[in-house]
There are 2 protein chains.
Amino acid sequence: MPRATIDQVAKVAGVGRSTVSRVLNGSQSVSRVAREAVEQAIAELDYVPSRAARSLVMKRANAVGLIIPEELDRFFGDPFFAEVMTGVTSRVLESEYALNVMVASGPSDGFAANKVASFVLNGGVDGVIVVAHHFGDTFIERIVGSVPVVFGGRPIPFDKESETFYVDGENEKGSFAAAQHLIGLGREKIATITGPQNMGAAQDRHKGFSDALAQAGLSPVAVIEGDYSAQRGAAAARRLLEEQVDFDGIFVANDLMAAAVVRTLLEAGVRVPEDVAVVGFDDAAVATEVTPALTTVRQPIRAQGELMADVLLRALAGENPPGVSMLPTSLVVRESA
Amino acid sequence: MPRATIDQVAKVAGVGRSTVSRVLNGSQSVSRVAREAVEQAIAELDYVPSRAARSLVMKRANAVGLIIPEELDRFFGDPFFAEVMTGVTSRVLESEYALNVMVASGPSDGFAANKVASFVLNGGVDGVIVVAHHFGDTFIERIVGSVPVVFGGRPIPFDKESETFYVDGENEKGSFAAAQHLIGLGREKIATITGPQNMGAAQDRHKGFSDALAQAGLSPVAVIEGDYSAQRGAAAARRLLEEQVDFDGIFVANDLMAAAVVRTLLEAGVRVPEDVAVVGFDDAAVATEVTPALTTVRQPIRAQGELMADVLLRALAGENPPGVSMLPTSLVVRESA
DNA sequence: TTGAAAGCGCTAACAT
DNA sequence: ATGTTAGCGCTTTCAA
């Protein structure tokens, strides 16, 4: 806690309170002597201006929020989010803003969600980044309009006019390419494990996949909805096996699940890629850690995090960043397909 | 941003300003009628009290900080930290406090470190958790004494009397047991890859290992300092191989490195555990993902994060939590040793 | 260039 | 039980 106040500094420096304030804020209208006296007094007193007081009068918090509308395990257990956080953090770190992490697990009208919403509404942050938006996360609507919001991945559309942005990978293109690759391999009995269909990006990935199949006159032999977790990935693969679905190719909406699918398949004696070709999405670290290494759709995840932060920071600076930013994806062919 | 002020609420409710404040703060000394009038007015005006104003007068931020004195990649790339964050976040989430994540990468007098220090000093947070403290992180000293500080892992000792705490796993005991296991297996040519020796916990792990060997009349055939990253783990293993060190057992200070060691060994045609028995530390997810599965020292990492948060929250509540909390470790025997 | 004065929106005595 | 008053530490007109 700051001991000294601005008035004490003023007294020690032998100047008025506003002169100290001017020095603090780098005003040009301060004489050299005054400035130096103030700087000396500041050093002498170990003075640090009060954040709260400044926020009160400036009407800004100098902080941005990172909203995580997800269960904790899911979030921190997923390398995708780790990458996003790395990107976001690295950018915010360099800025003058502080970063508030706000977890909104549980129901949209639950304790956590309410805490997040009122934190934003009470001026705790000047803008927010939402990293995983599910349709039905209605608490988000309460904050949209009060501060700029940047989404990671396509969000639900909002009624109220508001400063919202989103940055996303080219999910549709990427999964289209993934499916085409499978088809190009001669696979015709293709299954898929999707991401949570209450998320925009997951829908897009599924659409790209479906379109590619349709274009080839194919339709999926099985569609199972996953939740991006390894656990559900393995479960889905087991189900396919148990139900004796006849498939020779599978597109899995993220690598975490895809790796789990590969392991499950191998354990069941199914050869990858000979019997079943597997394509993932993300090009996460796990893609090369699993054997056979995953063929997958690469996405610049960390860059996506950086871009989200950039967009928000620019919006806060009064610039007009693009409402939508798309980052390219590319197919990486390895061993699994 | 809050539109309405407390005075407007007071006017609409037909009461004085302090009555509104009382309702806000749950005072008992408010009549039913007054309370209801105020609540109605609040709802009507969508009133949310200003965080900044409250902080200013209360002299507290209602926020705690999570300080990460580490490079970003290292931090978010390490599942250990992901677990710690999960634990910390889950507890803070349930509290009335907000969570500020503060990354202090780079030099101790660099931009990031200074930003963190002044954020704490200017009243941005009421207390902090430091998740990876290296000797030489001098910026920490600037904040110790101004707010309660909880360290994850044994910190450097501080001169100034201050409210500092730490919670740690029983590193020494754990690695002692690990080494004993290797010895019990009949291995006598034992090497080790340590953690960064500028961190207390890493020192402790090394000490436990050394003590066990000494007690058995053994001394390590090689000691290589690592940094807990998979990359350095693999590099260390390669070095052992290149230098043709003759070893039949190795204790690696964390699982991320241990898994990399196993992979490197296998690639070089060294059988695990037949030729070399490998023991790791942490019991991270990777311990069971690698083949052969790692024998390792289990540590309740997430619980450690929760405990750190609990200690800080209790300190902030004016309770007197223990200065040192140790969490138990246990040896988990799997396939690698 | 500089200081004096007026708040920012809230809590906390102090009165009543 | 409730209103009045005085600040919390700062930025910002406004004069000088």
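In the predicted model, the secondary structure of chain A consists of 14 helices and 12 strands. Chain A has a radius of gyration of 25 Å, well over the 20 Å given by the globule rule for 337 residues, so the chain is more spread out than a compact globule. The C-alpha trace of chain A spans about 85 × 35 × 30 Å along its principal axes. Of the 337 residues of this chain, 55% count as buried. Among contacts in chain A with a separation of 6 or more, 71% are between residues 24 or more positions apart.

Chain A is superposed on chain B by a rotation of 180° with 0.1 Å of shift along the axis, at an RMSD of 0.2 Å. This is the relation of a two-fold axis. The copies meet through the same surface, because 100% of the interface residues of chain A are also interface residues in chain B. Chain A contributes 34 residues to the contact and chain B contributes 35 residues. On the side of chain A that touches chain B, at least two residues each come from helix 4 (51–58), helix 5 (72–77), helix 6 (79–94), strand 2 (98–103) and helix 7 (111–121). Helix 6 of chain A gives the most to this side, with 6 residues. By class, the side of chain A that touches chain B comprises 19 nonpolar, 12 polar and 3 charged residues. Strand 2 of chain A also pairs with strand 2 (residues 98–103) of chain B, in the antiparallel sense and over 3 bridges. Within this pairing, Val101(A) has Leu99(B) as its bridge partner.

DNA strand D is surrounded by 27 residues, of which the closest are Ile6(A), Ser18(A), Ala53(A), Gly16(B) and Ser29(B). The surface near DNA strand D divides into 14 nonpolar, 10 polar and 3 charged residues.

Around DNA strand C there are 26 residues, the closest being Gly16(A), Ser18(A), Ile6(B), Ser21(B) and Ala53(B). Helix 4 of chain B gives the most to the surface near DNA strand C, with 5 residues. The residues of this surface comprise 13 nonpolar, 10 polar and 3 charged.

Val23(B) is buried, because 21 other C-beta atoms lie within 10 Å and the threshold is 20 or more. Apart from neighbours within four places in sequence, Val23(B) is in contact with Val30(B), Arg35(B), Val38(B) and Glu39(B). Val23(B) and Gly65(B), 42 residues apart in sequence, are 29 Å apart in space, C-alpha to C-alpha.

Thr295(B) lies in strand 10 (residues 295–298) of chain B and is buried, with 24 other C-beta atoms within 10 Å. Not counting residues up to four places away in sequence, Thr295(B) touches His181(B), Val279(B), Val332(B), Val333(B), Arg334(B), Ser336(B) and Ala337(B). The C-alpha atoms of Thr295(B) and Asp255(B) are 9.4 Å apart, with the two residues 40 residues apart in sequence.

Several backbone features were also identified. Most residues other than glycine have a negative phi, and most peptide bonds are trans. A cis peptide bond, with omega of about 0°, joins Thr291(A) and Pro292(A). Pro292(A) is in the loop between helix 13 (286–289) and strand 10 (295–298) of chain A. In chain B, the peptide bond from Thr291(B) to Pro292(B) is cis, with omega near 0°, and Pro292(B) lies in the loop between helix 13 (286–289) and strand 10.

Asn62(A), which is not a glycine, has a positive phi of about 60°. This residue is in the loop between helix 4 and strand 1 (63–68) of chain A and counts as partly exposed, with 17 C-beta neighbours inside 10 Å. Asp283(B) has a positive phi near 55°. Asp283(B) is found in the loop between strand 9 (277–282) and helix 13 of chain B and counts as buried, with 22 C-beta neighbours inside 10 Å.

Note on methods:
Residues numbered from 1 in each chain as written. Chains lettered and ligands numbered in written order. Predicted model: local features only at pLDDT ≥ 70, side-chain atom pairs only at ≥ 80, totals over all residues. Helix = DSSP H or I, 4+ residues; strand = E, 2+ residues; numbered from the N terminus. Rg over C-alpha atoms; globule rule 2.2 N^0.38 Å. Buried ≥ 20, exposed ≤ 12 C-beta atoms within 10 Å, placed from the backbone. Contact = placed C-beta atoms within 7 Å. Least-squares fit on C-alpha atoms with pLDDT ≥ 70 in both. Nonpolar A, V, L, I, M, F, W, Y, C, P; charged D, E, K, R; others polar. Pairing = 2+ DSSP bridges. Near = placed C-beta within 6 Å.
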